Amino acid sequence: MTNFVKNAWYVAGWSTEIDDELRRFTILGEHVVMFRKSDGSVAALEDRCPHRLLPLSKGKRIGDTVQCGYHGLTFDCSGACVRVPGQTNLPKSAYVEAYPIVEKHGIVWIWMGDAEKADPEAVFDMPEFTDPGWAAHHGDALHLKSNYLNVAENLVDPAHVSFVHPTTLGNAASENVPVHVQTEGEAIVAWRWIRDAEPIGFFKAFGGFTGNVDRWHYYYLYTPCTAVIDFGSIETEKHCAEEDRDQGVRIFALHFMTPVTETYTIDRWMHLRNTATDDPEAAARMDTMFRKAFAEDKEILEAVQEEEIRPQKRRPIRIAIDKGPLVYRKRINELLELERTEDIASDPSPAFVYHD
């Protein structure tokens, strides 16, 4: 059984990834063909003709319909078959799934589960996206040969930065600083402050700090797989309170993880910043540092994935910093169980039939 929660919004891609052409995307192990309709909105259909199973992405567009490249069956954006060449009747089973789409802030979101449960208002958002005091910048799509659960857990784990990112996002000053975890509310939150310490490489480059700073990491993980990392620095002598982080140099690193298969995840990342908001070159310089740091994550996570699929002599141990990841796994399992029981309840076929 796959461990994908289907009744949730996932990022299908940046808006720039989808144009007028038929393009295949793989999400939760399902192939989806997406394209922009004549009105500019995005259509998303099951990428498999119900006749001989040729991917529709190998067909062609005819207006806002898609024609299969094998025998010409044609489907509209609702998934309904509107033409079968050589016959006038349209079989009831001649359809493909159509997936709800929401596009905002240059991001295309897709709902892979029960379409009736898709609430556009539930798509992730932050006020900083439209706040003139903040600049938003899309980064890359990081491809990882790793299960999405491991990728997500890495993003509710402030402790790893001291060891995995010693020149960019962390340094030795934070190695023994405890991590606090809050599991109430929509997001799992892991955080810590490192007081009166040397600034990390990132904020040496973008904060202009010459002396010691107080710096913070707040990791927010929303199920199934959206993460926000609020990190920043401020001069130690300012004695910054937690609620006054906007007074320092503050960055939100956003990670939208799309499970492709059980062992393949795409992490589309971007940032929001309250510094150098009118400097177009600042985003490019930040991207360079982020790419270096995320390449370090990629190396770790792919190595972990390789070991996970090998036989293990004993179960991995758990330590204090694992509270956030453990709660995350519990929430995912609860969502999976909820979907499983709902599927059973909605199945009209009897589980057992007695014949006398």
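Among contacts in the protein chain between residues at least 6 apart in sequence, 60% join residues that are at least 24 apart. The model is a predicted one, and its secondary structure comes to five helices and 17 strands. Of the 356 residues of the protein chain, 48% count as buried, and the C-alpha atoms fill a box of roughly 80 × 55 × 35 Å when this is taken along the principal axes.

**Domains and their interface**

- The domain assignment divides the protein chain into domain 1, given as 7-118, and domain 2, given as 125-332, and the contact between them takes 16 residues from domain 1 and 18 residues from domain 2.
- The centres of domain 1 and domain 2, taken over C-alpha atoms, are separated by 34 Å.
- The size of an interface is often given as the accessible area lost when the parts come together; for domain 1 and domain 2 the area buried between them is about 1300 Å², with 65% of it on carbon and sulfur atoms.

**Strand S13 and its partners**

- Strand S13 spans residues 187-197, and because nine of its 11 residues are buried, S13 is largely enclosed by the rest of the structure.
- Strand S12 (residues 180-182) runs antiparallel to S13 and is joined to it by three bridges, with Val 181 having Ala 190 of S13 as its bridge partner.
- The hairpin of S12 and S13 has four residues between the strands, and in this hairpin Gly 185 takes a positive phi near 95°.
- S13 also pairs with strand S14 (residues 213-222) in the antiparallel sense, over nine bridges, and the bridge partner of Ala 197 in S14 is Val 213.

**Helix H4**

- Helix H4 (residues 280-308) has 29 residues and reaches 42 Å from its first C-alpha to its last, which is close to the 42 Å expected at 1.5 Å a residue.
- At the start of H4, a side-chain oxygen of Asp 279 reaches to within 3.0 Å of the backbone nitrogen of Glu 281.

- Asn 150 lies in helix H1, which covers residues 148-154, and since its relative accessibility is 7%, against a cut-off of under 20%, Asn 150 counts as buried.
- When its neighbours within four places in sequence are left aside, Asn 150 is in contact with Leu 301, Val 304, Gln 305, Glu 308 and Arg 329.
- An α-helix has 3.6 residues a turn, so residues three or four places apart point the same way; among the residues in contact with Asn 150 are Leu 301, Val 304 and Glu 308, and helix H4 covers residues 280-308.

Methods: Residues are numbered from 1 along each chain as its sequence is written. This is a predicted model: local features need pLDDT of at least 70, side-chain atom pairs count only at pLDDT 80 or more; totals for chains, interfaces and linings use all residues. Side-chain values use heavy atoms; hydrogens and water are left out. Buried means under 20% relative accessible area, exposed over 50%, partly exposed in between (1.4 Å probe, protein chains only). Helices (H or I, at least four residues) and strands (E, at least two) are DSSP runs, numbered from the N terminus. Two strands pair if DSSP finds at least two bridges between them. The expected span of a helix is 1.5 Å times one less than its number of residues. A polar contact is a pair of N or O atoms within 3.5 Å; within protein, one must be able to donate a hydrogen and the other to accept it, and residues adjacent in sequence count only if both atoms are side-chain atoms. Domain bounds come from an automatic or database domain assignment. Contact means heavy atoms within 4.5 Å. Buried area is the accessible area (1.4 Å probe) that two parts lose on being put together, summed over both.
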